[in-house]
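Colleague: I have a chain open and would like to go through it with you. Can we take it piece by piece?

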Amino acid sequence: MGLTSQGARWIGPVCAVLGVLGFSFKAILIKLAYAWHPVDAVTLLALRMLFSAPFFVAMAWWAGRRPAARPITRRDWRALLWLGFIGYYLASLLDFMGLVYITAALERLVLFLYPTLVVLLSAVLRGRPITRRAMLALLLSYAGIAFVFVHDLSFGGDTAALWRGGALVLTSALAYAFYLVDAGDVIARMGSLRFIAWAMLVSSVFVLAQFAFTRDLALLRVPTSIYGLSLAMAVFSTVLPTWLIAEAIRRLGANTASLIGSLGPVFTIGLGALMLGEAVHAIQLVGAALVLFGVALVTLRPGQTRNVAGKTGTEIPDA
């Protein structure tokens, strides 16, 4: 009995690490798709949602059959439309667009600022005071991003592309922060997995509607390699990590899961260097360390901001 209990203690951390690794792979797969075929962001996102939607249908069905599942009210549907739009459609679209211009490592660092943006939005929209600890976290995080941007501006070549990509990904993080500020009550009523499943299905409708109105259906005929990357993105960087992180939060709590989530940028920097040949310099590592430490000050601080973020059971799906 003791051995079984001892072994079970590893399940939570393993789920958290694998979930973070899966989310970290997302930017790598997107960059590979852009390199292998002239596919645009909207088409690639549509392919990802086409492959992931059946899994979320199954997840919504399974979560809805649980004894504790409550009927979804009109109020919940209105919230799902808004949160699915801003958190899982708009944030993902902006992220995919930003990765056309910047490295996977920089994208992950900028996205990782979303807890600091939640602090700012909570202060502006909810009147919650910004503590000294949170202020220090903000200063460290944005100083770290400034370090990385200054380096990339000096050695990255296309300055306009760097600013454009950075702005797109930062706006993606801001959209996700808006989602986190508004999502807590709905998630509490519906449960995290059921909420995520329906929110992702709502976002799929928005993505596919945009593709239908702005693109030719023939663009979905891409090489087999792009289908493979899209399927991998759907399964290993969307569906499985969503469940793994939710399970990790259930077993470990949001606080510990948030700490393990800090490995995300580290994984992406390493994977970018190994699989995409992205250069890693000392000043980038210093900037990354500042961002990670600053975000840790926010996410590990007891309080409502951390709890709301933790309840989602996921990162930016794209995000």
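Colleague: Is leucine 120 buried, partly exposed or exposed?

Modeller: Leucine 120 is partly exposed, with a relative accessible area of 32%. Keep in mind that this is a predicted model.

Colleague: Which helix is leucine 120 in?

Modeller: Leucine 120 sits in helix 6.

Colleague: And which residues make the nonpolar surface patch of about 330 Å²?

Modeller: Leu120, Ile130, Met135 and Leu139 make that patch.

Colleague: Stepping back, how many helices and strands are there in the protein chain?

Modeller: The protein chain has 14 helices and 0 strands.

Colleague: What percentage of the residues count as buried?

Modeller: 53% of the 319 residues count as buried. The protein chain exposes about 14300 Å², and carbon and sulfur atoms supply 69% of that area.

Colleague: What is the mean pLDDT of the protein chain?

Modeller: The mean is 85, and 90% of the residues reach 70 or more.

Colleague: Where does pLDDT stay under 50?

Modeller: Over residues 303–319. The model has 63 contacts beyond four places in sequence for that stretch. Where pLDDT is low, the predicted coordinates should not be read in detail.

Colleague: Fine. Salt bridges next: what is the count?

Modeller: The count comes to 5 salt bridges. One of them joins the side chains of lysine 26 and aspartate 95, at 2.2 Å from N to O. Lysine 26 lies in helix 2 (residues 11–36) and aspartate 95 in helix 4 (residues 74–98), so this pair ties together parts that are 69 residues apart in sequence.

Colleague: Are lysine 26 and aspartate 95 buried or exposed?

Modeller: Lysine 26 is buried, with a relative accessible area of 0%. Aspartate 95 is buried as well, also with a relative accessible area of 0%.

Colleague: How much of helix 5 is covered?

Modeller: Helix 5 is mostly covered, with 8 of its 8 residues buried. Among them are Glu107, Arg108 and Leu109.

Colleague: Are arginine 126 and aspartate 182 buried or partly exposed?

Modeller: Arginine 126 is partly exposed, with a relative accessible area of 40%. Aspartate 182 counts as partly exposed at 29%.

Colleague: Now the packing. How many residues has the largest nonpolar core?

Modeller: The largest nonpolar core has 82 residues. Those with the most contacts inside this core are Tyr34, Leu44, Phe56, Phe96, Tyr179 and Phe195. Helix 8 gives the most to the core, with 13 residues.

Colleague: What is phenylalanine 195 in contact with, leaving aside its neighbours within four places in sequence?

Modeller: Its contacts are Leu80, Leu83, Tyr179, Ala183, Val186, Ile187 and Met190. There is also a second, separate core of 6 residues, which includes Val119, Ala134, Leu140 and Val298.

Colleague: How far apart in space are isoleucine 30 and phenylalanine 96?

Modeller: They are 7.3 Å apart, C-alpha to C-alpha, and 66 residues apart in sequence. Isoleucine 30 is found in helix 2 and is buried, with a relative accessible area of 0%.

Colleague: Last one: which helix is proline 241 found in?

Modeller: Proline 241 is in helix 10 (residues 224–252). At 1% relative accessibility, proline 241 counts as buried, because buried means under 20%. Proline 241 and glycine 22 are 219 residues apart in sequence and 5.6 Å apart in space, C-alpha to C-alpha.

Technical notes
Residues are numbered from 1 along each chain as its sequence is written. This is a predicted model: local features need pLDDT of at least 70, side-chain atom pairs count only at pLDDT 80 or more; totals for chains, interfaces and linings use all residues. Side-chain values use heavy atoms; hydrogens and water are left out. A salt bridge is a side-chain nitrogen of Lys or Arg within 4 Å of a carboxyl oxygen of Asp or Glu. Helices (H or I, at least four residues) and strands (E, at least two) are DSSP runs, numbered from the N terminus. Buried means under 20% relative accessible area, exposed over 50%, partly exposed in between (1.4 Å probe, protein chains only). Accessible areas come from the Shrake-Rupley method with a 1.4 Å probe; for residues, only the protein chains shown count as cover. A nonpolar core is a set of buried Ala, Val, Leu, Ile, Met, Phe, Trp, Tyr and Cys residues joined through side-chain atoms within 4.5 Å. Contact means heavy atoms within 4.5 Å. pLDDT is the predictor's confidence in each residue, from 0 to 100. Patches are made of residues with over 30% relative accessible area and no salt bridge: like charges are joined within 9 Å, nonpolar side chains (Val, Leu, Ile, Met, Phe, Trp, Tyr) within 5 Å.
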